[in-house]
Amino acid sequence: MALMTHDGNGIGHTRQTIFRFHGELNDFLPRERRSRAFSRDVPPKAAVKDVIESLGVPHTEVDVILVNGESAGFFCQLEGGEQIEVYPWSLVPPVAPVCHLRPRPAPRPRFVLDAHLGKLARHLRLLGFDCRYHHAIEDDEIAKLAESEKRIVLSRDRGLLMRRRIEQAHFVRNIKPLAQLEEVCSTFDLVNALAPFTRCTRCNGLLVEVDKADVQDRLEPRTRAHVEHFFECENCGHLYWHGSHVERMRSMVERLRKRLQ
């Protein structure tokens, strides 16, 4: 039932609207609102996107919005009294036609990560993914890169994900870096796009094979004596070679593949 409140002159100014969020969107709600309908006062002409974000859910996590059972866009204006259902991209509502609001990622997506996800950035680069990141990256720079280079933002800051310039993003739920890596690979179905050891984990540049003779003056005596194959970052010049640490990384990648398949 739609309810209207009144000011001292008896003029209605808000009407309660019923909301229900589905799937992982409930992660952003207080426990008492999760997976159940609840009411919210909505000012006239409010955009549904603004009301959803005022409830704590970033627009970048939303794929489908139903207003009174019909698929609607982010800028649908509410009058109050509507029934709103909000879905993530992992769930398809039982209606047709459906207007999908979250752009589908590219088969090999490019990412930009906030300053708190440095280890995740290194792991994703290890797997061959193009990741823009540095330890002092600011939110304004992240939003600019997301818009200009069509990158997916990875962050644990929901306020950042509510910025208008950001269209594609993922709120990283896990705390530990390896769990974060598995989460991102699963969310974006990256298992068939893995290209380990093709990108510099320090600066994101591509790796190219180089002749040992061209870099031997940069090698420690033990490395010069026992290693024959080397790779160099096209961007920063850092050298890589296959040692015991690479075998450990290979094992990590294979475990990840098995869990995701």
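Strands β9 (residues 111-113) and β11 (residues 152-155) pair in the parallel sense over three bridges, with Val-112 standing opposite Val-153 of β11. Strands are DSSP runs of E of at least two residues and helices runs of H or I of at least four, numbered from the N terminus; two strands count as paired if DSSP finds at least two bridges between them. The model is predicted: local features need pLDDT of at least 70 and side-chain atom pairs pLDDT 80 or more, whereas totals for chains, interfaces and linings use all residues. Residues are numbered from 1 along each chain as its sequence is written, and side-chain values use heavy atoms, without hydrogens and water.

The two strands belong to an open, parallel sheet of four strands in the order β10-β9-β11-β12. Its edges are β10 (131-132) and β12 (169-171), each of which pairs on one side only.

Pockets were located on a 1 Å grid over the protein atoms alone, as open sets of points where a 1.4 Å probe fits, with protein on both sides within 12 Å along at least five of seven lines; lining residues have an atom within 4 Å of a point. Grid points are joined across faces, edges and corners, and a volume is the space filled by probe spheres set on the points.

The largest pocket holds about 470 Å³ of space. Among its 20 lining residues, Leu-126, Thr-201, Tyr-240, His-245 and Met-249 lie nearest the centre. Two or more lining residues come from each of α2 (118-126), β15 (239-241) and α8 (244-260), and α8 gives the largest share, five residues.

The second largest pocket holds about 160 Å³, and its lining includes Lys-49, His-59, Phe-74, Arg-102 and Glu-167.
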